[in-house]
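I opened my notebook to look up the aromatic rings in this one. Here is what I wrote down, entry by entry.

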Amino acid sequence: MRRLRLPILVLAVLAVRTALAYVPAPGAIFRHLLTGRDEQRISTARVEGTLFLAGSASTEAGGQGEIQSDARVFLKLPGRCRLEASGPETGKLAVVRSAGDGRAELEAHLRKRGVNIGSSWLARFGGQVAYVVGGPKDADGQFWVFKDSWLPARIRWTDGNTRWDVRFVDYNSPAGDWFPRVVEVSRDGERQVRFTTLSGDPRANVPDRLF
């Protein structure tokens with residue numbers, strides 16, 4: 001028995017050291033993330049799906065309780081995104097976001113949400129290993145990137161006294177591996193928004209007037 005203990009201890013130490021050695025600096029994580037996106041060569045895209053709203057998100061949309069509607073996402077890269085929804089309870093809704101799309105803009109976006117872009121560590125999300133940029137506490141701003149694919153996994157931050165958590169779940173998606181199967185938004189631990197992908201077109205014609 002004594003002969004087994006030392007090799008097991010050595011292997012355990014080596015495993016821990018190896019894991020620590022393979023956590024890239026935040027700058028390298030951002031570089032891989034943006035390079036992977038550029039390699040997909042997607043400039044315009046449309047995603048069809050369903051939108052589920054609950055809590056304050058449902059109330060703001062004019063509904064009562066949980067509501068669901070048809071929805072679509074339009075992308076015009078770099079940096080423009082439009083979400084449209086239509087249903088008997090919501091009527092027609094549209095949310096548009098335009099922003100820069102390079103590393104400087106990404107870092108500024110994360111800093112604004114309190115993410116410490118000088119710190120990175122390993123965690124697991126949805127059964128997969130992810131790199132996390134930010135502090136280790138639940139209340140810390142964090143940006144998660146899947147280790148194997150370099151795709152966004154999650155972003156968490158606190159705005160005033162409100163905790164937000166946006167999750168990008170499962171890139172084995174009907175749209176393809178460039179858009180997640182599910183996007184979820186939680187507020188103070190309660191899910192407010194869930195977009196479920198049904199189909200996607202990475203070469204769709206997306207007019208400028210939508211933005």
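Are Phe 146 and Tyr 171 buried or exposed? I found Phe 146 buried, and Tyr 171 likewise; buried means under 20% relative accessible area, exposed over 50%, and partly exposed in between (1.4 Å probe, protein chains only).

A note on the source: this is a predicted model, where local features need pLDDT of at least 70, side-chain atom pairs count only at pLDDT 80 or more, and totals for chains, interfaces and linings use all residues. Residues are numbered from 1 along each chain as its sequence is written, and side-chain values use heavy atoms, with hydrogens and water left out.

Next, I looked up ring pairs and noted nine aromatic pairs in the structure. Rings of Phe, Tyr and Trp (its six-membered ring) pair if their centres lie within 6.5 Å; planes under 30 degrees apart are stacked, over 60 edge-to-face, the rest tilted. One of them joins Phe 146 and Tyr 171 edge-to-face, at 6.2 Å centre to centre with 90° between the planes. Phe 146 belongs to strand S7 (residues 142–146), while Tyr 171 sits 25 residues away in the loop between strand S9 (162–169) and strand S10 (182–187); strands (E, at least two residues) are DSSP runs, numbered from the N terminus. I also saw that ring pairs connect Trp 121, Phe 125, Trp 144, Phe 146 and Tyr 171 into a cluster.

Then I checked charges over rings (NZ of Lys or CZ of Arg within 6 Å of the ring centre and within 35 degrees of the ring normal). Arg 154 has its charged end over the ring of Trp 144, 4.9 Å from the centre. Arg 113 lies over the face of Trp 157, 5.5 Å from the ring centre.

Note on methods
Helices (H or I, at least four residues) and strands (E, at least two) are DSSP runs, numbered from the N terminus.
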